[in-house]
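Welcome, and thanks for taking a look at this one. Here is a short briefing on how the parts of the structure meet.

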Amino acid sequence: MRSTLKASALALTAALAASTAFAGSHSLSGDLKIFLDTSNPAPRATMEAMIERFGAEHPELNIETTVIDREAYKTQIRNFLTADAPDVATWYAANRMRPYVEAGLFEDVSDLWAEPAIADNLASTKGAMTIDGKQWGVPYTYYQWGIYYRKDIYDQYGLSEPTNWDEMKSNCQTLLDNGVKCYTIGTKFLWTAGGWFDYLNLRTHGYDFHMEMAAGNVAWTDDRVRQTFANWRELIDMGGYVDNHQNYSWQEALPFMVNGDAAAYLMGNFAVAPLREAGLTDDQLDFYQFPAITEGVALAEDAPTDTFHIPANANNKEAAREFLRFVVSADEQTEINNGANLGQLPVNASASIDDDKFLEQGFAMLSSNSPGGVAQFFDRDYPAEMAAEAMQGFQEFMVLPDNLDDILARLEQVRERVYK
Amino acid sequence: MTTAALQDTDPPKRGWYKRNEIAVTPWLFLAPAILFFAVYVIIPIFQSFSISLYDWDGLGQAEYIGLGNYSELMNDRAFEVSLWNNLKWLVFYLLAIPAGLFIALFLNQTVTGIRIYKSLFFFPFVLSQVVVGLVFAWFYLPNEGLLSNMLAMVGFGPVNVLGDPNLATYGIILAGLWPQTAYCMILYLTGLNAVDPEQVEAARLDGAKGWKMLWYVIIPQLKPATFIAFVVTIIGALRSFDLISIMTNGGPFGQTRVLSFYMFEKALSEYGFRMGYGAAIAVVLFLIMLVFIAYFLWSMYREEKGGQ
């Protein structure tokens, strides 16, 4: 009698303990407010489907998703982080998150990064998420940059993918002799020129120098910076870029490549989808890594990373952390980054990459042929104000290369103020 | 009868409101407007003044730097460019007034279907500025655009209006003139209705015609319409923002920015984290506007005085 009572009491406590443990780790409740900037149709559907899967795992949780236009989001984030913070918000890695980290508006999630599931699988992006030795969010996707080109046009003129600067220029000369521009670009919104500067600077002086510049330790009037611009000028003086690029957005510059007026485009992988939609087949479209310029400089790449953060003023941080764990899990990473969804690269090393020639080439390039390092992108690595002034200078340089001294002097003034 | 007598002997105590009704009521009616005007216009003006004395990114701690932002503005070439562009807008946007007047004179006749012509001329004003900007941006496109094709027909090479730092601002002003001319035209059309036919008759008997008739008889009578056209055009020129944003986004390399656009870029845009600096630009823009506002108020005040 006594023993049965004892046993049943024990069983009861065990059951209770089990159920509380279960509650602690799995059953989340309350509201979870998620703000997304993935307003384009495909990413939006991807995100909504992912959140639905998360909701199915946590039926007690009341999830509220708000999708904000990608451009508008960039200015609204300041308001909602301070005034009416969601529990999870999308943003970008590296210096782009610095203003909010420094203002104490993002939650320190170093604890998540200490968990083996994240520590072991996300090591490659840890640097981009780290400021002051702590991590402030998790990545959910990234994509390579590189030169997308018309393989059929290259074949027509007997050109092959260049591996060094001289080949790149001689290819360009051949194309120009045949009335085809080497590169299309639209600089109306400036950042596209930032991509060219990134690559020319990374190839001329390497990753460490580029990051020293980003940190404000190199004068813009330095001879090494001038060397980068001198290389750039060679392409400009050849007439390598499409004319009147200052009038076009990056999308408006796509038709030049589709129509065969220009043979290549230095862009992020997101350019592939519209190029395919415009009718280019995978036989016509191909990709190569930006060739080496200075011999011996380790190749480094741009691979912008998009991220999730927990605002410091969030209400349901427990659920938010669980959501972040869910987003970076190998299964979800495989799913959301496949060709039918985001069509980008998964951040989790255990996730698999979709069967797509651009994603495969990009992944191979970033994981094995980028020994110098992986940068984010000009406007994510450099502080906002420096980036804005510099990209405007790049545009001016591409249109009026003779103004270079004036542009560099101006940028140097800005540098002295921004990094004081 | 009895009640009246009662009232006479024992006057009821009238409340404070009843006693001051005539003085208070107008203020009561004005109160909501005054409240909102104060909260959304007057107080922000002073807030802008005070923010312009700080170095503040809009998120963290603000640091007091006195007139530092203003002394930086003095050496800021982008600011100088914006200021000059504002001046260009002010001067060339005023072309809408004579243009509107001549279209109004041209349309002020009785022909069958004149109402249709009038509404067609008024049409651009109904369009959103964003649409106007887009249409003109396409019109100006360097190769495919209508303008380049028209120039090619008369043997000129293509011209890239919006891509040329020297032409772009004029190109945008021209786009702005299209709806603004329509606006001035409608103001003058209503003004022309009020022109006294007897005066015109008398002038005709005295042998006035053509330009003289216009200058000495018609235009003086259109003075109220001219004044309103002047006010809305000046304000329109200083408010120019959407056309610039749509057509060039301030480019090429910042050569088409005006003060309002520059302020937006510095303080509120994607890369703008300098609230103090933006506020300083806003203060300068406010001071420029103040010159015109003071002039408008003064001339309206004079008008009322003269009327009495």
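The points below go from the chains to the domains and then to a pair of helices.

This is a predicted model. Chain B meets chain A through 19 of its own residues, which are in contact with 21 residues of chain A. Chain A itself is assigned two stretches-in-two domains, described below under their own heading.

**Between the chains**
- On the side of chain B that touches chain A, the classes are 8 nonpolar, 8 polar and 3 charged residues.

**Domains of chain A**
- Domain 1 of chain A covers 28-143 + 304-368, while domain 2 covers 145-302 + 383-418.
- Taken over C-alpha atoms, the centres of domain 1 and domain 2 of chain A are 29 Å apart.
- Where these domains touch, 12 residues of domain 1 of chain A are in contact with 13 residues of domain 2 of chain A.
- Helix 17 (residues 357-368) of chain A gives the most to the domain 1 side of this contact, with 6 residues.
- That side of domain 1 of chain A divides into 6 nonpolar, 5 polar and 1 charged.

**Helix 10 and helix 19 of chain A**
- The axes of helix 10 (residues 191-205) and helix 19 (residues 384-399) of chain A come within 8 Å and cross at roughly 85°.
- From helix 10 of chain A, the residues A:Trp191, A:Ala193, A:Gly194 and A:Phe197 meet A:Ala387, A:Met391, A:Phe394, A:Gln395 and A:Met398 in helix 19 of chain A.
- By class, this helix contact has 7 nonpolar, 2 polar and no charged residues.

Conventions:
Residues numbered from 1 in each chain as written. Chains lettered and ligands numbered in written order. Predicted model: local features only at pLDDT ≥ 70, side-chain atom pairs only at ≥ 80, totals over all residues. Contact = placed C-beta atoms within 7 Å. Nonpolar A, V, L, I, M, F, W, Y, C, P; charged D, E, K, R; others polar. Domains from an automatic or database assignment. Helix = DSSP H or I, 4+ residues; strand = E, 2+ residues; numbered from the N terminus. Axes fitted to C-alpha atoms, helices over the stretch in contact; angles between N-to-C directions.
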